[in-house]
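Biologist: I have a model open on my screen and would like to learn how to read it. Could you take me through a few features, one by one?

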Amino acid sequence: MTLKSNVIEVASDEQFAALVKASKNAATITTAVNFGASWAPQCADMNQVFDELSRKFPALQFLKVEAEDLPEVSEEFEVAAVPTFVIIRNKKVVDKVEGANAPLLTTLVEKHAKAAATVAKPAPPAQPETPKKSTPEQLQARLKTLVSSQPVMLFMKGTPQEPRCGFSRQLVGILAEQKVTYGSFNILADEEVRAGLKEYSNWPTFPQLYIKGELVGGLDIVKELVETGEFQKMVPPEEDLNTRLKRLTNQAPVMLFMKGDPEQPRCGFFSPDNKVKFDTFDILSDEEVRAGLKAYSNWPTYPQLYAKGELLGGLDIVKEMIENGEFAETIPAEARL
């Protein structure tokens with residue numbers, strides 16, 4: 001059985017400061033921080049090492065930071081490359097590891113864990129909040145966004161690289177044989193989507209294949225379509241990235257590209273306070289969109305808010321528009337609540 005990780009994923013500068021600097025125990029708790037990037041393959045193995053160390057040495061506090069998401073924190077600790085690991089005690093860096101050096105990281109963590117164990121009994125690790133359940137309306141909106149997120153979308157058990165059932169594996173093979181470019185979603189990783197999509201599509205089993213947001217069917221249906229020659233007629237021509245980004249930014253009258261989703265934001269810059277109906281896209285779920293949209297919009301950070309396909313800006317711009325009364329004027333009538 002795999003033990004639960006004790007790593008806290010830090011979502012904002014304020015959360016980092018509360019855990020490392022403002023905590024009443026800041027002078028006594030030793031903290032190990034993992035600065036990484038989801039797009040960097042060298043971070044994947046080190047994340048597993050870091051998780052294992054957090055289970056083995058609970059006397060330390062273990063934090064994980066997406067370096068690009070918290071640039072001020074990364075700059076403060078002089079993070080020049082990922083992964084970088086820093087060990088902090090009494091608000092000061094006492095050790096640092098740059099690069100994927102698992103033996104050195106293990107040695108340093110073990111050293112500081114032994115020292116911490118002799119000083120004080122460790123506080124229990126912070127537990128993540130239980131994810132909030134979406135309302136039916138929120139779930140419907142999320143599913144609509146997911147099934148339309150790429151021209152061809154496969155909802156399957158596992159991933160194309162590691163299918164978790166024979167039917168999913170067969171359908172992945174068919175799509176490869178037909179040379180179809182597609183997006184995928186692992187329904188085993190999200191029970192809400194797994195259960196909700198059955199009702200949304202009125203289709204009780206997985207895998208499920210969608211083209212242009214419309215359900216095609218499961219494995220047997222796709223096999224039949226391939227045999228009759230109908231399948232290739234249904235598959236849209238492959239989009240270039242700019243065409244895809246244009247389609248996504250126009251997917252709803254108001255589109256918010258953010259980290260996470262409205263129910264579980266993955267950064268501190270999301271605020272649902274204004275009465276606006278909008279769809280969202282989780283840029284953490286698609287690296288091509290995350291990187292491409294920065295160039296497409298000439299806007300380097302997230303979140304990004306679009307109205308009728310045109311970029312309004314990020315958090316500061318939207319706040320300023322609200323304060324001077326311009327925001328309501330830019331929102332299409334059909335998106336106002």
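Modeller: Happy to. Let's start in a loop: P207 lies between α7 (191-201) and β8. Helices (H or I, at least four residues) and strands (E, at least two) are DSSP runs, numbered from the N terminus. Some ground rules: this is a predicted model, where local features need pLDDT of at least 70 and side-chain atom pairs count only at pLDDT 80 or more, while totals for chains, interfaces and linings use all residues. Residues are numbered from 1 along each chain as its sequence is written, and side-chain values use heavy atoms, with hydrogens and water left out.

Biologist: Fine. Which bond joins F206 and P207?

Modeller: First the general idea: most residues other than glycine have a negative phi, and most peptide bonds are trans. Here, F206 and P207 are joined by a cis peptide bond, with omega about 10 degrees. V82 and P83 are also linked by a cis peptide bond, and there omega is about -5 degrees. P83 sits in the loop between α3 (71-76) and β4.

Biologist: And phi? What is the value for E78?

Modeller: E78 isn't a glycine, yet its phi is positive, near 55 degrees. You'll find E78 in the loop between α3 and β4. K212 also has a positive phi, about 55 degrees, without being a glycine. K212 belongs to the loop between β8 and β9 (214-217).

Biologist: Is E78 buried or exposed?

Modeller: Buried means under 20% relative accessible area, exposed means over 50%, and partly exposed is in between (1.4 Å probe, protein chains only). E78 has 61% relative accessibility, so it counts as exposed. K212 is exposed too, with a relative accessible area of 63%.

Biologist: On to the rings. How do I read an aromatic pair?

Modeller: A pair of aromatic rings is described by the distance of the centres and the angle of the planes. The cut-offs: rings of Phe, Tyr and Trp (its six-membered ring) pair if their centres lie within 6.5 Å; planes under 30 degrees apart count as stacked, over 60 as edge-to-face and the rest as tilted.

Biologist: How many aromatic pairs does the structure hold?

Modeller: There are eight. Take F50 and F85: the ring centres are 5.8 Å apart and the planes are at 35 degrees, so this pair is tilted. F50 is in helix α2 (residues 41-56) and F85 in strand β4 (residues 84-89), so the pair ties together parts 35 residues apart in sequence. Both F50 and F85 are buried.

Biologist: What about F155 and Y210: what kind of pair do they form?

Modeller: That one is edge-to-face, with 5.5 Å from centre to centre and 75 degrees between the planes. F155 is part of strand β6 (residues 152-156) and Y210 part of strand β8 (residues 208-211), so parts 55 residues apart in sequence are tied together. F155 and Y210 are both buried. For a group of rings, look at F16, F35 and F77, which form one aromatic cluster.

Biologist: Now charges. How do I read a salt bridge?

Modeller: Side chains of opposite charge can pair when their charged atoms come close. The working rule is a side-chain nitrogen of Lys or Arg within 4 Å of a carboxyl oxygen of Asp or Glu. By this rule, the structure has twelve salt bridges.

Biologist: Where do R55 and E52 lie?

Modeller: Both are in helix α2, three residues apart, which is about one turn of the helix. R55 makes a salt bridge with E52, their closest N and O atoms being 3.1 Å apart. R55 is partly exposed at 22% relative accessibility, and E52 is partly exposed at 42%.

Biologist: Which salt bridges link distant parts of the chain?

Modeller: One of them joins the side chains of D95 and K111, 3.2 Å from N to O. D95 is in strand β5 (residues 92-98) and K111 in helix α4 (residues 102-119), 16 residues apart. D95 is buried, with a relative accessible area of 18%, while K111 is partly exposed at 44%. Another joins E192 and R142, 3.7 Å from N to O. E192 is in helix α7 and R142 in helix α5 (residues 136-147), 50 residues apart. R142 is buried, with a relative accessible area of 19%.
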